[in-house]
Amino acid sequence: MEKFDVIIAGAGLAGLAAAYTLAGNGLEVLVLERGDYPGAKNVTGGRLYVNPVRDLFPELWHKAPLERFIVQEGAVLMAKERSVAIHYSGHELRAEPHQSYSILRAKFDRWLAEQAEAKGAMLLTRVRVDDVIKEDGRIVGVLAGGDELRADAVIACDGVLSLVSEKAGLRAPGSCHDYAVGIKEVIALDPGVINDRFHLEENEGTACLFIGEATHGLFGGGFLYTNKESISLGIVIGIESLLETESSPDAPALLDAFKQRPEISPLIRGGTTVEYAAHVIPEGGFKALSPLYGNGILVAGDAAGLALNIGFTVRGMEYALASGYYAAQAVLKAKEAGNFGNESLSIYQQYLEESFVLKDFKSFREAPAVLSNPRFIQHYPELLGDLLAEIYRVPTGPKDRLYPTIRKVFTLAEMWSQFKDLREVTRI
Amino acid sequence: MSDSELLKAKLGLDVFKPGGEPHIKIRPGMEKDPRLLQAIRLCPAGLYSAAQTGDVVLTIDGCLECGTCRYVCGDEVLQWHYPEGGTGVQFRFG
C-alpha cells in the first residue's frame, strides 16, 4: 500500500501553502482536490493582504497572478435614501511592495498548485475525501474515491464546513451565529472603463465596503473590488441575522437590490455578469475557532475558522496561507522527532500563537460581538445621512443655523447612546 | 424578469458538471420541517421551494455548494455531502 508523508485535503490556499512548504523540504505530499482544478470550488470577495505572508513564501509574489493592487479604500454608510462615503487614498498604498491585491481564486489557486507541484507535491483533482482512517485513536490516512490512502499526518484544509475535521472527531457542525454567507457576481468590464470609472491608473485597484442598506439592515455588508477586467460585487450576511428577520427579502434578492442602488448601478453599467457564486464564511473570530490539531491531524485555513472581520478590514486568505505554512512547519518538526501524535503536533498551535495569525485573533477577539451591534448597521447610516442632508440643504426660505441643525440630529439621548456604543468599540 | 428568472439566468452563467446521486437530500419525514422553510429564503441559488402539499422540495441542479443550508437546517433535516469529485459547480473566476 502506498504511504505518503502527508496527505492534504483541499487545494485551496491553506492546503497549497502547506504542500508548497512541505514539498520544498523534501517530503512526499499528496494533495486531494474535489474540483476539476484547484480553485474550482473556492470563492473569495476578495482581496489578499500580502504583507503578513510575503516572507513566508519569498519566491512566490513576483510572478503571482494577482489582479490589481489596491490604492483606494472606500467605506460607504448606506441609508435607505442616501449614503455617506469615506474615500481613502494614500501614497503608501501606491508604494511597492503593495499591501493588498484583488484576487480571483480559480486563477490564483491553479497557479499556486503549479508552484507546489514544481516543488514536488503530488496533486490529484476530481477526488473527494470521504472519510479519515482512524487506528488506535490516531488519524493515519483518508478514504478518497474508494481508495485507502495512508500518511504520517493529514492536514484538513477542506474549507469552512471541514467535513474532514468532523469525521476526525475534532469538531461538530458550527452554529449559525458564527457564520455568514457571501454572495457574489463577477461582472466583466473593459479595463479602460474600470480605470476611468474608478479614477485608477493602469493596474491600480479600488476596494470598497458598504454597510447598512447594502444588506437591508441585516448584519453584514456589501463589497466591491476591481479586478483586471472585472468587478467583484457582492454582499455578506450573517446567517443568524437572516434567519431572525423573516421579513427580509430572499438572499438572492438582497444582492439584486444592492446592485440597483444608485451608488452601485452606474459603477457596473455596461458590465456583463460572467459568474454567480456563494459561500459560507467563518465570522465568529477567536471564540469560534475549531481545535487546530489532533492525533495525526492538523486543521488550517477556513476549516479552522481562520477568517477575521474587524469592520474596515475583512481578512481570511492570508490566515489560510500562513496557517498552511505553519502546519507544514509543525509536520516537519514532528517528522524530526518521529512522532505525529497529539503532543508533537501541538507545536502548530504554538507557531500560530507566536505569529500574526493568533495574535490578530486574540487582539480582535471582541470584534464579532461589538460589530454585531445593530445600531452600526441600522442606525448610524441613517443618522449620518440625516445630518448631512440637513447640512447640505438650502431651503426656499432662510437656512437654519448649523449648530441647532446638528443638535436636532444629535440629541442628548442620541449622544448618550453614542457614548455607550463608543465604550463598546474600545474593546476592539 | 421575475426574481426567479433572474436567478436562473445567473446560475446559467456558471459551469456545472453533472454527477450521480443528489449530494444533499431532505431526510424522509422532515419535508415540512420549519428549518426547510428558512432554507427557501436563505439558499443563494433558490433551490428550495414549497410544494402545494406543504412539503419543501430541493432541486439540486444549480447548487453552489456554499454550505448555507447545512447551517440553517442541520444534520437532522438534511443528509449533506459535497458532490462526488469532478462533479458539481466549477468556478471559473471564484
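Student: Which residues of the largest nonpolar core touch the most other members?

Tutor: Keep in mind that this is a predicted model. The largest nonpolar core has 162 residues, and the ones touching the most other members are Ile8(A), Ala18(A), Ala19(A), Val154(A), Ile155(A), Leu298(A) and Ala300(A).

Student: And which helix gives the most to this core?

Tutor: That would be helix H9 of chain A, residues 317–337, with twelve residues in the core.

Student: Let's pick Leu298(A). What does Leu298(A) touch, not counting residues up to four places away in sequence?

Tutor: Leaving those neighbours out, Leu298(A) touches Ala153(A), Ile155(A), Leu292(A), Tyr293(A), Ala327(A), Ala330(A), Leu345(A) and Tyr348(A). One of these, Ile155(A), is also among the core residues that touch the most other members.

Student: Which of them point which way?

Tutor: Ser230(A), Ser232(A), Gly234(A), Val236(A) and Gly238(A) point one way from S14(A). Ile231(A), Leu233(A), Ile235(A) and Ile237(A) point the other way, and all of these residues are buried.

Student: Which strands are joined to S14(A)?

Tutor: Strand S11 of chain A, residues 179–188, is joined to S14(A) by nine bridges. Strand S13 of chain A, residues 220–226, is joined to S14(A) by seven. Both pairings run antiparallel.

Student: Which residues stand opposite each other there?

Tutor: With S11(A), Ile183(A) stands opposite Ile235(A) in S14(A). With S13(A), Gly220(A) has Ile237(A) as its bridge partner.

Student: And how many residues lie between S13(A) and S14(A)?

Tutor: Three, and the two strands form a hairpin.

Student: Okay, chain B now. What is its secondary structure?

Tutor: Chain B has three helices and six strands, and along the sequence they follow the pattern α-β-β-α-β-β-α-β-β.

Student: How much of chain B is buried?

Tutor: Buried residues make up 40% of its 94 residues.

Student: Last one: what about its contacts between residues at least 6 apart in sequence?

Tutor: Of those contacts in chain B, 66% join residues at least 24 apart.

Technical notes: Residues are numbered from 1 along each chain as its sequence is written. Chains are lettered from A and ligands numbered from 1 in the order in which they are written. This is a predicted model: local features need pLDDT of at least 70, side-chain atom pairs count only at pLDDT 80 or more; totals for chains, interfaces and linings use all residues. A residue is buried if 20 or more other C-beta atoms lie within 10 Å of its own, exposed if 12 or fewer, and partly exposed in between; C-beta atoms are placed from the backbone. Helices (H or I, at least four residues) and strands (E, at least two) are DSSP runs, numbered from the N terminus. Two strands pair if DSSP finds at least two bridges between them. A nonpolar core is a set of buried Ala, Val, Leu, Ile, Met, Phe, Trp, Tyr and Cys residues joined through C-beta atoms within 7 Å. Two residues are in contact if their C-beta atoms, placed from the backbone, lie within 7 Å.
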